[in-house]
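The exercises below are meant to be worked through with the sequence and the coordinates open side by side. Try each task before reading its solution.

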Amino acid sequence: MSIEVQNIIKTFGAFTALQDVSFQAPTGELVALLGPSGSGKTTLLRIIAGLEVADQGTVLFHGEDATDRSVRDRQVGFVFQHYALFQHMTVFENIAFGLRVRPRTLRPSARDIRTRVSALLQLVQLDWLADRYPAQLSGGQRQRVALARALAVQPKVLLLDEPFGALDAKVRKELRRWLRRLHDEMHITSVFVTHDQEEALEVADRVVIMDKGRIEQIGTPEEVYEHPATPFVYHFLGNVNLFHGHIHAGQARLGEFEIEVPEYADAQDIPAVGYVRPYDIVVERHRNGTPAIEALVSHIQRIGPLVHLELTRGDTGDLIEVELSKERYWDMQIAPGERVFLTPRQLKVFVHDH
Amino acid sequence: MAADVHTPAGSTERRTALQDPWLVRWSLIIAAVGVVGVLVIVPVINVFYEALARGAGTYIQNLLVDPDTRHAIVLTLTVAPVAVVLNVVFGMAAAWAIARYQFPGRTIVITLIDLPFSVSPVVAGLIFVLLFGLQGYFGPWLHAHHLKIIFATPGLILVTAFVTCPFVARELILVMQAVGTEEEIAALSLGANGWQLFWRVTVPNMRWGLLYGVILCNARAMGEFGAVYVVSGHIAGKTDTMPLRVEKLWQEYNLPGAFALASLLTLLALVTLLVKVGLERKMHGDAAKALQSTSAELLLDARSPLKESA
Amino acid sequence: MSTLNHRILPGFRLSLSYALTYLTILVLIPLAVCFAKASTLTWDTFWGTVWTERALAAYELTFGASCAAAVVDVALGLLIAWVLVRYEFPLKPLFDAIIDLPLALPTAVAGLVYSSLYVQKGWFGQFLVPLGIEGAYSRLAIVLVLTFIGLPLTVRTMQPVLATFDDETEEAAACLGASRFRTFAYVILPTLYPAIVTGFALAFARALGEYGSVVFVSGNMPYKTEIAPVLIVARLEEFAYGEATAIAVVLLVISFSMLAIINLLERWSQRYGS
């Protein structure tokens, strides 16, 4: 079942959490809502779930208007950041809860419930913990129980609020992959909220990047990483180098570099900034005809298969970060204190005052 | 040299710089124990001593043989539980409304719940007499319908409920706020309706707090004197609760009888304390600390409306 | 956590309406009736009742005794709280638990046993009466029993403040050369002021309304040992409802003022952090 939100506006008193937000999650996709705290992603998720009511806008499930439906009627599975497991019930009873509270006419028999719950326990690989209480489980185990509990009622849509936020790094990585595999098996339309870009890029089919109540960009992980649409996305996903300059009549001059920017054909000498990723910069010992800027290598750090260089620009003294593969670094034999010449492979120009 | 580990105040190992001299320490301890001994412990011992002064046989006799005393025991055991149940139902409703929602007038409702705490018991009794007594507002109507509230059990229940109204409610509000609503929302998202949510998730989560409120409420209800005194008309054998009966026996200079009955009430108090301490331990750590300081407030007095985000 | 809209969690209307109905029937209407009845009296009659010599004596006693008891409770409460928080000794948990007894014990029992302890033949009275200290059927007796009743209130108000007091502040004082006593007087005690005041207010308010225990120990002699609630009961038994109500209204107004003051004190002490 697909999810669509249209023109959602939500305020809490004087604070606007969501300003005219719209996006779509096609059936069977795993979508990540990614952004810093305060971006409104959790609020948006809760509006989809029916746990908050938007001031304006619509929520559609499979094309049908669900905006006025109560959370009970939406058939969404919600997984909370802090699990919200029922402390006084065993794991089994937790998972069975959704089935047991169904109205009599729709309630499965006790035997059916048992079968269903056991199947889910096996799915999340916790069948040996059925009689334990949540307090006796680890964080990762609790989260899997929470997931199983949400899946027990066969929801059309699965919503997860920072599901791995409360876990330590290693467990987080394991569960993240496990969630991806689970989704590949079950194909339920899922939306999850996270502030961890690595998580979003690794797990999701589609990423929605949000900041301050607005959507900055929607796209596949590759799209948003390789072709960021706004400065915010550039800054938020990975590192970025900035080159300041001006645009005049469709031409951007950023220090030594000139680049065509036809979208600003009638711009009259306005300030602009060029964004470049550290791995999109070519390092050469000597000038070779293409425009390049001079920089002094100040710091070299080897991190696994990559090498991070920190350089200071010759002309402005700004800091530049460059990422090289190990092989390239060995080829060049660069040492701190040396002078090199940098050329960006790809540069995206934005007009704004930062 | 003192250990480097930072020990919280009140822990068993105080660092050397903070140790009071041995003499000071033990003088203070003895003084404190002495004070509590004189004020609290000796009186308790005295109750049992006087009750058993004429032997165990007379003791049992005093309690079981005298029909008025027997009736008083039964009456208290009827009135108090009913008042407690009424207040539990109220407490649950009030706690749900107050702990789970924001609405205009919320502070006023909380203050209203606190009010009985600050009303003197005698005044409490008086106002019900004004309402339901023969010369009261509803007096003639009740008389015409042959209904008795004042000088009868219903009046006792009403006034006891009034006086103990805040106990369960206050406790449940605190517990519900401490537990939070996440599990309830989770239950909602899984398809539970209001009642299922309440009975399967909310109540089990607050069962210890509920028990705590109930035993405090019960202790107060069984021990209430002033309000019941005014409302009951102290007709021996009919409207005397245990505390009233103690007073009557005392007036009649039947000290062994009075003390015998008093010893029962003291036993009740001691059991209440025992259960209370047990519950506090159960409700672990800082939750118990919060309870300790609130039981004082709960059992008798008015405190400010709870500090929630407005 | 975002505040919950009552459209999300069910049961708002049901719970609130039940609670309000209950409160209206049990609390609001009776209180309103009290004030209504008092207002049927003419101003003169009202003042005539609440300002008689006997009534004034009763207020004076009620206030005086409650105040005295509250002061003693604060002093004793501080001592006991200090010992509980800072020292270890055998059977301390038992000691800690028994302090709450006055809260759980029916006031009639307190009155009964206090009257028996301090009479001439009583356990304490046999020593005190020859010294001229009348612990029963006197004003002292009232203060004594009110002290008993209010003790846990002050102890439990001050205990948490002492328990969360930061060791390091004390150590700083010690480093700077302060003796233990000076540290206590100038560093620790000031942080207790809010708790002391709150404890006093609680004990005072509690004592103001107390009836059950005082009835046993005071002797209820008008003008001498008659507290205000006893006066109300006396008027009631004479079927002088109007006058009883008048005095009750005076007590109510004072009680509600105490409630408001305690609220403010709470807020003030919260600002200083406890």
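**Exercise 1.** In chain C, where is confidence lowest and where is it highest?

*Solution.* Begin with the conventions: this is a predicted model, in which local features need pLDDT of at least 70 and side-chain atom pairs count only at pLDDT 80 or more, while totals for chains, interfaces and linings use all residues. Residues are numbered from 1 along each chain as its sequence is written, and chains are lettered from A and ligands numbered from 1 in the order in which they are written. The score to inspect is pLDDT, the predictor's confidence in each residue, from 0 to 100. In chain C, confidence is lowest in helix α9 (residues 167–175), with a mean of 78, and highest in helix α6 (residues 107–118), at 93. As a whole, chain C averages a pLDDT of 86, and 96% of the residues score at least 70. For the complex, the predictor gives an ipTM of 0.85 and a pTM of 0.79.

**Exercise 2.** Describe the make-up of chain C.

*Solution.* First identify the elements, which are DSSP runs numbered from the N terminus: helices (H or I, at least four residues) and strands (E, at least two). Chain C has 13 helices and zero strands. Next take its extent: along the principal axes, the C-alpha trace of chain C spans about 70 × 70 × 35 Å. Then consider burial, where a residue is buried if 20 or more other C-beta atoms lie within 10 Å of its own, exposed if 12 or fewer, and partly exposed in between, with C-beta atoms placed from the backbone. Of the 274 residues in chain C, 51% are buried.

**Exercise 3.** Trace the open sheet of chain A.

*Solution.* Two strands pair if DSSP finds at least two bridges between them. Six strands of chain A form the open sheet, in the order β6-β7-β8-β3-β9-β10, and the pairing is mixed. Its edge strands are β6 (76–79) and β10 (214–219) of chain A, each of which pairs on one side only. Within the sheet, β7 (residues 157–161) and β8 (residues 189–194) of chain A pair in the parallel sense over five bridges, and Leu160(A) has Phe192(A) in β8(A) as its bridge partner.

**Exercise 4.** Which elements of chain A each supply at least two residues of the side that touches chain B?

*Solution.* Contact requires C-beta atoms, placed from the backbone, that lie within 7 Å. By this criterion, 18 residues of chain A are in contact with 14 residues of chain B. On the chain A side, β6 and α2 (91–100) each supply at least two residues. The residues of that side divide into 11 nonpolar, four polar and three charged, where Ala, Val, Leu, Ile, Met, Phe, Trp, Tyr, Cys and Pro count as nonpolar, Asp, Glu, Lys and Arg as charged, and the others, Gly among them, as polar.

How values were computed: Contact = placed C-beta atoms within 7 Å.
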